[in-house]
Amino acid sequence: MSKKKSFNVVESFKKSDIFADCGKELLTETLENYAEVKTFEKGETVFSKDNFNPCICVILDGMAIVKKGDTVISRLEKGSVYGAAFLYNDISVFLNTVTALSPLTVAVLSKEGMDELIKKDRSVSFNYIKYLSHRVTFLNDKIKGYTAQSVEEKVMYYLQNNANELDGQCEIQVPMKELSQVLGVSRASLYRVLDVLEENGKIRRENKKIYIL
(Lines give C-alpha, C1' and ligand atoms only; values in the text may rest on other atoms or scores of the structure.)
Protein backbone atom coordinates (compact mmCIF):
# COMPACT_ATOMS: atom_id res chain seq x y z
CA MET A 1 0.00 0.00 0.00
CA SER A 2 1.14 3.55 -0.64
CA LYS A 3 1.66 5.80 2.40
CA LYS A 4 -1.50 7.74 1.56
CA LYS A 5 -3.58 4.58 1.26
CA SER A 6 -1.93 3.13 4.35
CA PHE A 7 -2.86 6.20 6.41
CA ASN A 8 -6.45 6.07 5.24
CA VAL A 9 -6.68 2.35 5.98
CA VAL A 10 -5.13 2.79 9.42
CA GLU A 11 -7.67 5.46 10.31
CA SER A 12 -10.50 3.22 9.10
CA PHE A 13 -9.26 0.30 11.21
CA LYS A 14 -8.86 2.56 14.25
CA LYS A 15 -12.54 3.49 14.00
CA SER A 16 -13.58 -0.15 14.44
CA ASP A 17 -14.15 -1.51 17.95
CA ILE A 18 -11.63 -4.33 17.47
CA PHE A 19 -8.67 -2.09 16.65
CA ALA A 20 -9.68 1.14 18.41
CA ASP A 21 -7.16 0.72 21.26
CA CYS A 22 -4.33 -0.77 19.20
CA GLY A 23 -1.10 1.22 19.05
CA LYS A 24 -1.03 3.23 15.83
CA GLU A 25 2.60 2.42 15.03
CA LEU A 26 2.03 -1.32 15.40
CA LEU A 27 -1.21 -1.18 13.42
CA THR A 28 0.42 0.81 10.61
CA GLU A 29 3.35 -1.62 10.36
CA THR A 30 1.04 -4.66 10.41
CA LEU A 31 -1.26 -3.28 7.74
CA GLU A 32 1.71 -2.40 5.54
CA ASN A 33 2.91 -6.02 5.72
CA TYR A 34 -0.32 -8.02 5.89
CA ALA A 35 -3.15 -5.97 4.36
CA GLU A 36 -4.27 -5.00 0.87
CA VAL A 37 -6.96 -2.79 -0.60
CA LYS A 38 -9.37 -4.45 -3.02
CA THR A 39 -12.09 -2.98 -5.22
CA PHE A 40 -15.25 -4.62 -6.55
CA GLU A 41 -17.90 -3.60 -9.07
CA LYS A 42 -21.60 -3.47 -8.24
CA GLY A 43 -23.02 -7.02 -8.26
CA GLU A 44 -19.61 -8.65 -7.95
CA THR A 45 -19.16 -11.43 -5.38
CA VAL A 46 -16.76 -10.42 -2.63
CA PHE A 47 -16.79 -13.69 -0.68
CA SER A 48 -18.52 -17.03 -1.12
CA LYS A 49 -18.02 -20.66 -0.15
CA ASP A 50 -15.82 -21.04 -3.23
CA ASN A 51 -13.89 -17.79 -2.76
CA PHE A 52 -12.70 -17.12 0.77
CA ASN A 53 -9.49 -16.98 2.77
CA PRO A 54 -9.53 -16.29 6.54
CA CYS A 55 -9.25 -12.52 6.95
CA ILE A 56 -10.82 -9.43 8.50
CA CYS A 57 -12.24 -6.79 6.18
CA VAL A 58 -13.13 -3.16 6.76
CA ILE A 59 -15.40 -1.45 4.23
CA LEU A 60 -13.64 1.73 3.11
CA ASP A 61 -16.31 2.86 0.67
CA GLY A 62 -19.56 1.53 -0.78
CA MET A 63 -22.10 -1.04 0.41
CA ALA A 64 -22.44 -4.83 0.38
CA ILE A 65 -25.05 -7.39 1.39
CA VAL A 66 -24.52 -10.64 3.31
CA LYS A 67 -26.76 -13.59 2.47
CA LYS A 68 -27.08 -17.21 3.52
CA GLY A 69 -28.85 -18.77 0.58
CA ASP A 70 -31.76 -16.43 -0.13
CA THR A 71 -31.88 -15.08 3.42
CA VAL A 72 -30.43 -11.62 4.04
CA ILE A 73 -28.20 -11.65 7.13
CA SER A 74 -26.98 -8.06 7.15
CA ARG A 75 -25.93 -5.05 5.09
CA LEU A 76 -22.39 -3.70 5.23
CA GLU A 77 -21.65 0.00 4.91
CA LYS A 78 -18.57 2.22 5.17
CA GLY A 79 -16.78 1.34 8.42
CA SER A 80 -18.38 -2.11 8.75
CA VAL A 81 -16.13 -5.01 9.76
CA TYR A 82 -16.58 -8.43 8.25
CA GLY A 83 -14.93 -11.87 8.43
CA ALA A 84 -13.92 -11.72 12.10
CA ALA A 85 -16.37 -14.46 13.13
CA PHE A 86 -14.80 -16.88 10.61
CA LEU A 87 -11.16 -16.18 11.42
CA TYR A 88 -10.44 -18.89 14.01
CA ASN A 89 -12.56 -22.01 13.58
CA ASP A 90 -12.46 -25.45 12.01
CA ILE A 91 -14.92 -24.66 9.22
CA SER A 92 -13.10 -25.06 5.92
CA VAL A 93 -15.70 -23.23 3.81
CA PHE A 94 -17.36 -19.84 4.06
CA LEU A 95 -21.02 -20.11 5.07
CA ASN A 96 -22.35 -16.87 3.58
CA THR A 97 -22.12 -14.89 0.35
CA VAL A 98 -21.09 -11.23 0.34
CA THR A 99 -22.07 -9.24 -2.76
CA ALA A 100 -21.29 -5.61 -3.61
CA LEU A 101 -24.40 -3.40 -3.75
CA SER A 102 -22.37 -0.57 -5.25
CA PRO A 103 -18.77 0.03 -6.32
CA LEU A 104 -16.94 -1.27 -3.24
CA THR A 105 -13.51 -0.68 -1.70
CA VAL A 106 -12.38 -3.04 1.04
CA ALA A 107 -9.25 -3.26 3.20
CA VAL A 108 -8.37 -6.91 3.81
CA LEU A 109 -6.18 -7.95 6.76
CA SER A 110 -4.94 -11.54 6.54
CA LYS A 111 -5.16 -14.02 9.42
CA GLU A 112 -1.38 -13.84 9.75
CA GLY A 113 -1.66 -10.10 10.31
CA MET A 114 -4.34 -10.58 12.96
CA ASP A 115 -2.09 -13.18 14.62
CA GLU A 116 0.65 -10.56 14.88
CA LEU A 117 -1.65 -7.95 16.43
CA ILE A 118 -3.05 -10.41 18.98
CA LYS A 119 0.46 -11.46 20.00
CA LYS A 120 1.79 -7.92 20.34
CA ASP A 121 -1.19 -5.92 21.67
CA ARG A 122 -3.51 -7.35 24.33
CA SER A 123 -6.16 -4.72 23.61
CA VAL A 124 -6.80 -6.37 20.23
CA SER A 125 -7.45 -9.72 21.96
CA PHE A 126 -9.87 -8.22 24.50
CA ASN A 127 -11.72 -6.16 21.90
CA TYR A 128 -11.91 -9.12 19.53
CA ILE A 129 -13.53 -11.26 22.25
CA LYS A 130 -15.94 -8.41 23.03
CA TYR A 131 -16.82 -8.12 19.33
CA LEU A 132 -17.56 -11.86 19.08
CA SER A 133 -19.75 -11.65 22.20
CA HIS A 134 -21.75 -8.87 20.59
CA ARG A 135 -22.14 -10.99 17.46
CA VAL A 136 -23.64 -13.80 19.54
CA THR A 137 -26.18 -11.33 20.95
CA PHE A 138 -26.92 -10.06 17.45
CA LEU A 139 -27.57 -13.58 16.16
CA ASN A 140 -29.77 -14.41 19.16
CA ASP A 141 -31.81 -11.30 18.37
CA LYS A 142 -32.12 -12.48 14.77
CA ILE A 143 -33.39 -15.87 15.94
CA LYS A 144 -35.89 -14.20 18.26
CA GLY A 145 -37.18 -12.11 15.38
CA TYR A 146 -37.49 -15.12 13.06
CA THR A 147 -39.46 -17.10 15.67
CA ALA A 148 -41.95 -14.33 16.49
CA GLN A 149 -45.57 -15.52 16.60
CA SER A 150 -47.12 -13.30 13.94
CA VAL A 151 -46.04 -11.45 10.80
CA GLU A 152 -46.81 -8.15 12.55
CA GLU A 153 -44.49 -9.06 15.44
CA LYS A 154 -41.76 -10.09 13.00
CA VAL A 155 -42.04 -6.83 11.08
CA MET A 156 -42.02 -4.60 14.18
CA TYR A 157 -39.15 -6.54 15.73
CA TYR A 158 -37.09 -6.20 12.56
CA LEU A 159 -37.79 -2.49 12.18
CA GLN A 160 -37.06 -1.71 15.83
CA ASN A 161 -33.74 -3.57 15.74
CA ASN A 162 -32.54 -2.26 12.39
CA ALA A 163 -33.64 1.36 12.50
CA ASN A 164 -31.13 4.21 12.47
CA GLU A 165 -31.49 7.24 14.72
CA LEU A 166 -31.99 10.42 12.70
CA ASP A 167 -32.90 13.73 14.36
CA GLY A 168 -34.60 11.94 17.24
CA GLN A 169 -36.67 9.76 14.89
CA CYS A 170 -36.18 6.16 13.93
CA GLU A 171 -35.83 5.69 10.23
CA ILE A 172 -35.13 2.62 8.14
CA GLN A 173 -34.87 2.23 4.40
CA VAL A 174 -35.67 -1.34 3.40
CA PRO A 175 -36.25 -2.82 -0.06
CA MET A 176 -39.47 -4.80 0.31
CA LYS A 177 -38.09 -7.80 -1.54
CA GLU A 178 -35.17 -7.95 0.87
CA LEU A 179 -37.35 -7.49 3.94
CA SER A 180 -39.78 -10.24 2.87
CA GLN A 181 -36.81 -12.61 2.42
CA VAL A 182 -35.42 -11.75 5.83
CA LEU A 183 -38.76 -12.32 7.56
CA GLY A 184 -39.71 -15.39 5.57
CA VAL A 185 -43.09 -13.97 4.48
CA SER A 186 -44.60 -13.14 1.11
CA ARG A 187 -44.45 -9.57 -0.13
CA ALA A 188 -48.26 -9.50 -0.23
CA SER A 189 -48.43 -10.38 3.50
CA LEU A 190 -45.72 -7.86 4.26
CA TYR A 191 -47.57 -5.03 2.50
CA ARG A 192 -50.81 -5.92 4.32
CA VAL A 193 -49.07 -5.81 7.70
CA LEU A 194 -47.38 -2.49 6.89
CA ASP A 195 -50.80 -1.07 5.98
CA VAL A 196 -52.20 -2.21 9.33
CA LEU A 197 -49.22 -0.84 11.29
CA GLU A 198 -49.59 2.52 9.56
CA GLU A 199 -53.35 2.63 10.18
CA ASN A 200 -52.70 1.91 13.87
CA GLY A 201 -50.17 4.75 14.09
CA LYS A 202 -47.13 2.54 14.78
CA ILE A 203 -45.21 3.47 11.64
CA ARG A 204 -45.23 6.09 8.90
CA ARG A 205 -44.11 5.38 5.34
CA GLU A 206 -42.56 7.95 3.07
CA ASN A 207 -41.63 6.57 -0.36
CA LYS A 208 -39.18 3.74 0.47
CA LYS A 209 -38.54 4.95 4.02
CA ILE A 210 -40.27 3.63 7.12
CA TYR A 211 -40.42 5.70 10.29
CA ILE A 212 -41.16 4.06 13.65
CA LEU A 213 -43.43 6.40 15.64
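A pocket is an open set of grid points with protein on both sides within 12 Å along at least five of seven lines, and its lining residues have an atom within 4 Å of a point. The exercises below use a predicted model.

**Exercise 1. Describe the second largest pocket: its volume, its lining and the elements that supply the lining.**

Solution. 
1. Start with the volume, which is about 460 Å³ for the second largest pocket.
2. Next, take the lining: 16 residues line this pocket, and Asp17, Ser80, Val81, Tyr131 and Arg135 lie nearest its centre.
3. Assign the lining to elements. At least two residues each come from β5 (71–76), β6 (81–82) and α4 (122–146). Helix α4 gives the largest share, with 6 residues.
4. Sort the lining by class: 6 residues are nonpolar, 6 are polar and 4 are charged.

**Exercise 2. In what order do the 4 strands of the open sheet stand, and which strands are at the edges?**

Solution. 
1. The order is β1-β8-β3-β6, with antiparallel pairing.
2. Strands β1 (35–40) and β6 are at the edges; each has a single partner strand, so one side of each has no neighbour in the sheet.
3. Look at one pair within the sheet. Strand β3 (residues 55–61) and strand β8 (residues 104–110) run antiparallel and are joined by 6 bridges. In one of these strands, β8, Val108 is the bridge partner of Cys57.

**Exercise 3. How many cavities of 30 Å³ or more does the whole structure hold, and which residues line the largest cavity?**

Solution. 
1. The search of the whole structure finds 1 cavity of 30 Å³ or more.
2. The volume of the largest cavity is about 50 Å³.
3. Its lining consists of Val46, Phe47, Cys57, Ile59, Leu76, Tyr82, Val98 and Val106. Cys57 is also the residue whose bridge partner in β8 is Val108.
4. Strands β2 (45–47) and β3 each contribute at least two residues to this lining.
5. By class, the lining has 8 nonpolar residues, no polar and no charged ones.

**Exercise 4. Are helices α6 and α7 roughly parallel or roughly perpendicular to each other?**

Solution. 
1. Helix α6 (residues 176–183) and helix α7 (residues 187–199) pack at about 100°, and their axes are 9 Å apart.
2. Angles of 65 to 115 degrees count as roughly perpendicular, and α6 and α7 are therefore roughly perpendicular to each other.
3. On the α6 side, the contact is made by Met176, Lys177, Leu179, Ser180 and Leu183, and on the α7 side by Arg187, Leu190, Tyr191 and Leu194.
4. By class, the residues of this contact are 6 nonpolar, 1 polar and 2 charged.

Terms used: Residues numbered from 1 in each chain as written. Predicted model: local features only at pLDDT ≥ 70, side-chain atom pairs only at ≥ 80, totals over all residues. Heavy atoms only, no water. Axes fitted to C-alpha atoms, helices over the stretch in contact; angles between N-to-C directions. Parallel < 35°, antiparallel > 145°, perpendicular 65-115°, else oblique. Contact = heavy atoms within 4.5 Å. Nonpolar A, V, L, I, M, F, W, Y, C, P; charged D, E, K, R; others polar. 1 Å grid on protein atoms, 1.4 Å probe; cavity = no way out; pocket = protein on both sides within 12 Å on 5 of 7 lines; lining within 4 Å. Points joined across faces, edges and corners; volume = space filled by probe spheres on them. Pairing = 2+ DSSP bridges.
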